[in-house]
Amino acid sequence: MNNPISQSISNSPFGGWGDYYLVIPTHNEEAFISLTLDSLVGQTVPPSKVIVVNDNSTDGTEEIVKSYAAKYPYITLVNKKSSAVHMPGSKVIQAFHEGEKHIDDNYDILVKIDADLIFPLNYFETIINHFKSDDRIGMAGGFCYIEKNGDFVLENLTDKDHIRGALKAYRKETYKQIGGLKPAMGWDTVDELLCKFYNWKVVTDPSLKVKHLKPTGANYNKTARYKQGEAFYTLGYGLLITSIASAKLAVMKKKPLLFVDYIQGFMKAKAAKTPLLVTAEQAKFIQSYRLQKMKEKLFGRF
């Protein structure tokens with residue numbers, strides 16, 4: 001497959017390629033947003049655009065972002081009204097899509113990040129270098145670290161080859177080919193699976209340690225527990241892969257009873273004939289790919 005690199009004109013030190021735009025969905029992040037923005041404006045290669053989507057915040061988030069926008073012309077505040085209920089997947093991506101309305105097409109890399117992160121100052125320079133090293137790299141990212149007992153430790157919720165939803169960077173051509181981000185839980189898995197489907201590479205860099213100031217899922221309500229099982233269904237996993245993935249995730253979260261919730265969510269979605277996020281052809285590829293990865297891990301273990 002031929003994946004051409006964009007040739008947009010840029011003032012970046014990367015030979016006319018390397019402009020990146022960030023979209024930051026934000027809801028009541030007054031405690032963290034300034035730390036995130038400080039780490040962005042201090043980057044060795046600063047962003048060309050930063051769109052902060054203030055999604056129905058009731059705290060001082062809007063005023064903080066306005067103060068940065070007044071100082072840095074590439075930062076823009078966008079206000080959005082929506083439900084205050086924090087459900088995984090749909091709410092954050094709907095806010096992301098609102099931010100997309102305020103960007104042009106003159107970027108090489110599009111980035112979705114959370115508003116509670118502190119990036120090392122060479123983060124995006126390193127990400128750009130990854131993309132420049134191989135024009136088949138479609139996504140790249142570092143790793144999230146959370147504070148425990150005064151130290152920042154790896155937030156170990158997923159495999160090391162998965163880019164967390166908190167810090168996704170996409171090559172423009174890749175982003176467009178996978179159809180953008182899906183407004184549903186599982187969006188940050190289906191994007192990578194579709195990358196594989198279209199023969200793009202997904203790169204994670206363990207040297208890029210990002211401080212994640214608020215643990216994942218801290219604001220999810222109880223209904224969200226079943227959404228994970230629904231997500232497995234909409235990804236086209238099937239019951240076998242869903243059972244294995246549910247067991248693994250429940251163990252990683254150290255909450256074994258979540259396995260039951262995930263399976264119930266899967267079965268409810270199946271009974272309701274919830275539409276898949278992928279086509280039948282893509283679902284077939286995803287099942288084959290996931291089973292192969294599971295076999296590789298199993299054999300590697302023994």
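**Entry 1: helix α7.** I started with helix α7, residues 224-234, and listed its buried residues: A224, Q228, G229, A231, F232, Y233 and T234. I kept in mind that this is a predicted model. Next I looked up what these buried residues pack against, and found α8 (238-252) and α9 (258-271). Past the end of α7 I noted G236, which has a positive phi, near 80°.

**Entry 2: T234.** I then left out residues up to four places away in sequence and checked what T234 touches. The list is M185, T274, P275, L276, L277 and V278.

**Entry 3: the core.** I turned to the largest nonpolar core, which has 73 residues. Which of them touch the most other members? I found L37, L40, V50, F119 and L167. Domain 1 (20-212) and domain 2 (223-295) both contribute residues, so this core lies between them. I followed up L167. Residues up to four places away in sequence aside, L167 touches K112, I113, L117, F119, Y123, A140, G141, G142, C144 and V210.

**Entry 4: Y68.** I moved to helix α2, residues 61-71, where Y68 sits. Is Y68 buried or exposed? I read a relative accessible area of 13%, so Y68 is buried. Neighbours within four places aside, Y68 contacts S34, L37, D38 and I75. The Y68 side chain reaches the backbone oxygen of S34 at 3.3 Å.

Terms used. Residues are numbered from 1 along each chain as its sequence is written. This is a predicted model: local features need pLDDT of at least 70, side-chain atom pairs count only at pLDDT 80 or more; totals for chains, interfaces and linings use all residues. Side-chain values use heavy atoms; hydrogens and water are left out. Buried means under 20% relative accessible area, exposed over 50%, partly exposed in between (1.4 Å probe, protein chains only). Helices (H or I, at least four residues) and strands (E, at least two) are DSSP runs, numbered from the N terminus. Contact means heavy atoms within 4.5 Å. A nonpolar core is a set of buried Ala, Val, Leu, Ile, Met, Phe, Trp, Tyr and Cys residues joined through side-chain atoms within 4.5 Å. Domain bounds come from an automatic or database domain assignment. A polar contact is a pair of N or O atoms within 3.5 Å; within protein, one must be able to donate a hydrogen and the other to accept it, and residues adjacent in sequence count only if both atoms are side-chain atoms.
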